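Student: I am new to this structure. Please take a close look at its cavities, and then follow the lining residues into the parts around them.

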Amino acid sequence: MKFTENDIRQIENKGLTLAKVQSQVELFETGVPFVNLSSAATIDNGIVRCSEAEKADYINYFEAKRNTISISKFVPASGAATRMFKTLFKFIEEYLPETETINSFINRNKGLDLSLFFVGIEKLPFYELVLEQLKVFYPDYKSFSDDKQKLLFVKTMLDEDKMNYGFYPKGLLPFHEYKDHLATAFVEHLFEAALYASTNNIAILHFTISERHKNSFDHEFQRVHKIVERKTNTKFHISFSYQKESTDTIAVTPDNDFFREEDGQLMFRPSGHGALLENLSQLDADVIFIKNIDNVVVYKYENEVAEYKKMLAGMLLENQHQVFDYLNLLENEEVSEKDISEIAEFLVNRLYVVFNIEFHKYATKYQIEYLVEKLNRPIRICGMVKNEGEPGGGPFWVKEESGQISLQIVESAQIDHESKAQMEILKNATHFNPVDLVCGIKNYKGEVFDLQKFVDPTTAFITMKTSAGKELKALELPGLWNGSMARWNTIFVEVPLITFNPVKTVADLLKPTHQIK
């Protein structure tokens, strides 16, 4: 496959290089290897379970340092609400009111989500809002049958010429209904940040969003910030960034030829949340909390959630403090055998680093180099929730081609489902990843690491998509908390299910953590 002059111009205009695009094409041709699971990470085998006393100690450690460090909260928030309403879009498209009832449609499609939606419809945070609009668009709706009223309710909510909720970014949909107001997920993140991600009564939050929604987010912040500041006694500094075009990846046909748009241009696609590594690396903070936009709770649960965030942050700060002390020692002083042994023990027992079995044979100079290389990395503490059958990645010990074994968050799509041995390991997984991270991206000299140096490029994903009815292969970069952080020092910690409350479908808003009654 040869690039034309127009192709090269298009590539350069996106901020990409020819070499980068060629390496993407090569990945399509060679395929992305499956990860090689060594075992599931479990309690006392890669996952830490804190006692109540340890939890209290970590919280106290964090609180003692909190006002002397810089903290930021990083919230991936570019997701549209479309997928939340997938079941309802299907209902609008396929329901045949002339020939079937809604119940028969639900039975025909095994539509549990749809059934939950209609049973709990009055408990939805936006029920009254939609009802008001329903009266505007269909003034005589009360005269219709119950099934027709339900269909019109859904159409009012989702039709493009009406409320168009499917177009909204998830962060700006009403998620929670309080006595006198509705709260979006965006607003709940502000309240939550005041509890654990603020220093000296200032909270700094960074949201990655779709550029077309920037004005809407600005408007929402202007609408609520004075109220939230008054209620939390916290000032908020908010910033936004977008997924950069230079992180897009090329699309190819199923036969690995260039997939071209109708005008002959190469097709590029956004490359998934791994692209946000660039956005993350722009932050200048000592501690960064990462949490998805839809993982929020109503106010009465926020303090409990905040406790576990502080626990994770305390663990980060304590381990990071020790790492920095050791790095200064290794750089500046005569290092004894006892020091080397102590540092190696810390890496193995606290940071779960698997050592080269030849380490003890190395000359002292090479032992020191090895320890520095293992210590001087970004660090992340990742909350892990007991597996309750929720979709998502999980914590595993992974063996690389080099033989190196390390803790990784692995998605199901990265695992070879044809391999009995790999599926057996997957079956034994006890925990999953709720995307609950606390990160340290600065080194012991206070400089931000070049995060690209710690990515495992072989952990990209290839997925099948369609465009204008034609099949194509798309490439996603290594996921932000998957391969993009593969070379970080990693500690997995058990956290309770209360910390994980994503809204994947509209019916999730009916769960207790999203209801005030």
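Tutor: One definition comes first, for sorting the residues of a lining: Ala, Val, Leu, Ile, Met, Phe, Trp, Tyr, Cys and Pro count as nonpolar, Asp, Glu, Lys and Arg as charged, and the others, Gly among them, as polar. Sorted in this way, the lining of the largest cavity holds eight nonpolar, five polar and two charged residues. The model is a predicted one, and everything below is to be read with that in mind.

There are two cavities of 30 Å³ or more.

Start with the largest cavity. Its lining has 15 residues, and those nearest its centre are Val 323, Phe 324, Leu 375, Arg 377 and Ile 379. Helix α12, which covers residues 302-332, gives the largest share of this lining, with four residues.

Ile 379 leads on to strand β13, which covers residues 379-386. Seven of the eight residues of β13 are buried, so this strand is largely enclosed by the rest of the structure. Several strands pair with β13. Strand β20 (residues 489-494) runs parallel to β13 and is joined to it by six bridges. Ile 379 itself takes part in this pairing, standing opposite Asn 489 of β20. Strand β17 (residues 436-440) pairs with β13 in the antiparallel sense, over four bridges; here Ile 381 has Val 438 as its bridge partner. Strand β16 (residues 431-432) is also antiparallel to β13, with two bridges, and in that pairing Lys 386 faces His 431.

Is Phe 359 buried or exposed? Its relative accessibility is 10%, and buried means under 20%, so Phe 359 counts as buried. The C-alpha atoms of Phe 359 and Ala 344 are 9.6 Å apart in space, while the two residues are 15 apart in sequence.

Now take the second largest cavity. Its lining consists of Met 84, Phe 85, Lys 86, Thr 87, Leu 88, Asp 113, Leu 114, Phe 117, Thr 505 and Val 506. The elements that give two or more residues to this lining are α4 and α6. By class, the lining divides into six nonpolar, two polar and two charged residues.

Phe 117 links this cavity's lining to a group of rings, as Phe 91, Tyr 95, Phe 105, Phe 117 and Phe 118 form one aromatic cluster. The structure as a whole holds 24 aromatic pairs. One of them joins Phe 91 and Phe 105, edge-to-face, with 5.5 Å from centre to centre and 65° between the planes. Phe 91 belongs to helix α4 (residues 86-94) and Phe 105 to helix α5 (residues 102-109), so this pair ties together parts that are 14 residues apart in sequence. Both of these residues are buried.

Phe 91 also pairs with Phe 118. Planes over 60 degrees apart count as edge-to-face; the rings of Phe 91 and Phe 118 have planes at 70° and centres 5.6 Å apart, so this pair is edge-to-face. Phe 118 lies in helix α6 (residues 112-119) and Phe 91 in helix α4, so the contact ties together parts 27 residues apart in sequence. How accessible are these two residues? Phe 91 has 0% relative accessibility and counts as buried, and Phe 118, with a relative accessible area of 8%, is buried too.

Lys 162 lies over the face of Phe 137, and here the distance to the ring centre is 5.5 Å.

Strands β18 (residues 461-467) and β19 (residues 470-476) pair in the antiparallel sense over seven bridges, with Phe 461 opposite Glu 476. Their hairpin has two residues between the strands, and in it Ala 468 takes a positive phi near 50°.

Note on methods. Residues are numbered from 1 along each chain as its sequence is written. This is a predicted model: local features need pLDDT of at least 70, side-chain atom pairs count only at pLDDT 80 or more; totals for chains, interfaces and linings use all residues. Side-chain values use heavy atoms; hydrogens and water are left out. Rings of Phe, Tyr and Trp (its six-membered ring) pair if their centres lie within 6.5 Å; planes under 30 degrees apart count as stacked, over 60 as edge-to-face and the rest as tilted. Buried means under 20% relative accessible area, exposed over 50%, partly exposed in between (1.4 Å probe, protein chains only). A charge sits over a ring if NZ of Lys or CZ of Arg is within 6 Å of the ring centre and within 35 degrees of the ring normal. On a 1 Å grid over the protein atoms alone, a cavity is a set of points where a 1.4 Å probe fits but cannot get out, and a pocket is an open set with protein on both sides within 12 Å along at least five of seven lines; lining residues have an atom within 4 Å of a point. Grid points are joined across faces, edges and corners, and a volume is the space filled by probe spheres set on the points. Two strands pair if DSSP finds at least two bridges between them.
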